Amino acid sequence: MHFYTFVLRNIFRRKVRSGLTLVGVAVAVGAVVALVGISDGFESSFLQLYQERNVDLLVSRKGLMDRLTSGLDERVGEKIGGLPHVKAVGAGLIDMVSLEKLGVIGVMVQGLPIGHFVFEQMKIIEGRNLTAADQKGVLVGKILAHNLHKTVGDTLSIVDEDFTIVGVYGTSIVYENGGMVMLLGTLQRLMGREHQVSGFAVVLDQHDPKTVDQVRQTINALDPVRIEAMPAADFVESTSQIQAAHAMAWMTSAVALVIGTVSMLNTMVMSVFERTREIGILRAMGWRRSLIVRMILLESVILSVAGGAVGTLAALSLTRFLSSQASVAGLISGHISAGVVGEGFVIALLVGLIGAAYPAYRGAQLLPTEAIRHE
Amino acid sequence: MNNNHADAPLLRTERLNKLYPDGQVHALVDVNLAICRGEYVAIMGPSGSGKSTLLNILGALDAPTSGEVYVEGQPMSTIRDLDRLRAMKIGFVFQSFYLLPVLTALENVQVPMFEGPLPAHEREEKAVKLLELVGLPHRAHHLPEQLSVGERQRVAIARALANDPILLLADEPTGNLDTVSADGIFELFARLHRERGMTVILITHDPELGQRAKRLVRMQDGQVKSDHPVPQPAAPAE
């Protein structure tokens, strides 16, 4: 008989209790994997948006908490375009709209001028691209089109104004596929933000950190009070929505983890208490305290890692399911990184170890003669 | 235990006293006893006479309040690893067997071996042999609840022998058994003593069974009242 066989027998002794504990850990680890995975996906997808376009710097309004809706005068772009090493400047206005009648909230709308490099990377799947004449036209991402059951030629009511879908596009970025694109001027007018842009994406002719930093400082010097240029990664990481998503994910996960750990603690305390006499017998047979500790910790860790595996699978299925749902499809990527899954397992392991630490200590401290007398 | 005291008794107690924490119960009073290798000793006495306390102290499960136990000449209080002493040199048999209910007979016998040096497959081979020794090879894969009480105690004895101890301590091993099963268990102890030269110390309430040991120690009020060899039958089998 292997030691593991013995440990497994103990776990299976109380099937219902072990099962419920496993579910408790599964919920906790599942919450971490799903929530942290989603918020990480949120960040990496945003970063990808810029990285795929070789964007070196992002220029936005300085000191604003919510940079996605920052407003800068669009003429600043011309000044940036004239700086050394600057290859291209893309102005863009980003706003969020809700298509409540169609059951979709929080759709990202990008307003872009004709010739913006974003257009080059969009693959038009149906219809055609926007032209300068499409003041009442809109391009719809493939996920959004699917969720809205709309196609080329259909009408879409955005902020009480009717737009015609001229094309459906696909990109490798989930938010864009769940969003819309219209002409910059149109979005400015629709949102009452004339001559304003959210910021500029700047592509340089050299991508080394030194040049990037040099240009960043030059841009900042253009208007130190209002303008702030940042490398794409810093920009994404310090974006308040991303930070809020991370904070929410970890806070919710922390609550779930505390509950999972307490549930494990409860189970193991009960299990050790019930087996007081048995532990006394094992000690009488010469089992060292360390072997008692190993037995209890191993039981707990096997339960928690199994719970972690179940929770992770559930989280992966849940995010995949959510990403196919109309209301959130544009916001959630169905993919969860291996790193997050790894974090989930480490957390499961910790839940097991922490939850069993005290019971194991208690079990090891039992005096054989007293434990054997225990009823 | 070391081998530097080959001439010393296996166990010797010197003015052993045990007071339970509240100070009200003086379980052992100046107990002096020497037990040599290969002896078969029965301890008898009324309830509360200190038999189990003595057995627990001899088996390194409990410590005396004062006095000393010498194991092959070495003071037990100086032995750092009493767990190892219990694991490798002493086998315990309890009145209520205390088999682990989730393990089969074969697996129960292997439990003490987790502290020993054998790999898993050798543990199992050895457990099979031990079950044969106690006459239960056919019950190897049964759970304790599927065994009779006599069979359970046999499994418990096989378990006590798992690490080839030199000393077998049994606390009323037949207390929960019917006469026939009790007889069988005593025969098993006698055989282990006879064939393996095992030192056996057991507690019993049954005077008839007590007479089947080679030496009888009677206790009363925490003290040794008498300690003498048991007259052997005229024509011993040995």
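Start by selecting strand 6 and strand 7 of chain B: the two run parallel and are joined by 4 bridges. Strands here are DSSP runs of type E of at least two residues, helices are runs of H or I of at least four residues, and both are numbered from the N terminus. Two strands count as paired if DSSP finds at least two bridges between them. This is a predicted model, in which local features need pLDDT of at least 70, side-chain atom pairs count only at pLDDT 80 or more, and totals for chains, interfaces and linings use all residues. Residues are numbered from 1 along each chain as its sequence is written, while chains are lettered from A and ligands numbered from 1 in the order in which they are written.

**Stop 1**

A residue is called buried if 20 or more other C-beta atoms lie within 10 Å of its own, exposed if 12 or fewer do, and partly exposed in between, with C-beta atoms placed from the backbone. In a regular strand the side chains alternate between the two faces of the sheet.

Now show the whole sheet: 6 strands of chain B in the order 6-7-8-3-9-10, open, with mixed pairing. Strand 6 (90-93) and strand 10 (223-229) of chain B are at the edges with a single partner strand each, so one side of each has no neighbour in the sheet. From one strand to the next, the twist averages 15°; angles run from 0 to 180 degrees between N-to-C directions, and axes are lines fitted to C-alpha atoms, for helices over the stretch in contact.

**Stop 2: helix 1 of chain B**

Select residues 51-58 of chain B, which make up helix 1 of that chain; 8 of the 8 are buried, so this helix is largely enclosed by the rest of the structure. Among the buried residues are B:K51, B:N56 and B:L58. Helix 1 of chain B lies across strand 3 (40-44), strand 7, strand 8 and strand 9 (215-220) of chain B, and runs at about 150° to strand 8 of chain B. After this helix comes B:A60, whose phi is positive, near 60°.

**Stop 3: the four-stranded sheet of chain B**

Which order do the 4 strands of the open antiparallel sheet of chain B follow? The order is 2-1-4-5. Its edge strands are strand 2 (26-35) and strand 5 (74-75) of chain B, each pairing on one side only. Select strand 1 (residues 11-19) of chain B to see its antiparallel pairing with strand 2 of chain B over 6 bridges. Within strand 2 of chain B, B:I35 stands opposite B:L11.

**Stop 4: where the chains touch**

Show both chains: 16 residues of chain A are in contact with 22 residues of chain B. Contact requires the C-beta atoms of two residues, placed from the backbone, to lie within 7 Å. On the chain A side, helix 1 (3-13), helix 11 (276-284) and helix 14 (368-373) each supply at least two residues. Helix 1 of chain A gives the most, with 4 residues.

**Stop 5: strand 6 of chain A**

Select residues 137-141 of chain A, which form strand 6; 5 of its 5 residues are buried. Strand 6 of chain A runs parallel to strand 8 (residues 161-170) of chain A, and 5 bridges join them. A:V138 stands opposite A:I165 in strand 8 of chain A. With strand 9 (residues 180-183) of chain A, strand 6 of chain A pairs in the antiparallel sense over 2 bridges. There A:V140 stands opposite A:M180.

**Stop 6: A:S263**

Finish at A:S263, in helix 10 (residues 240-274) of chain A. Is A:S263 buried or exposed? A:S263 is buried, with 22 other C-beta atoms within 10 Å. Not counting residues up to four places away in sequence, A:S263 touches A:T21 and A:G24. The C-alpha atoms of A:S263 and A:G352 are separated by 10 Å, and these residues are 89 residues apart along the chain.
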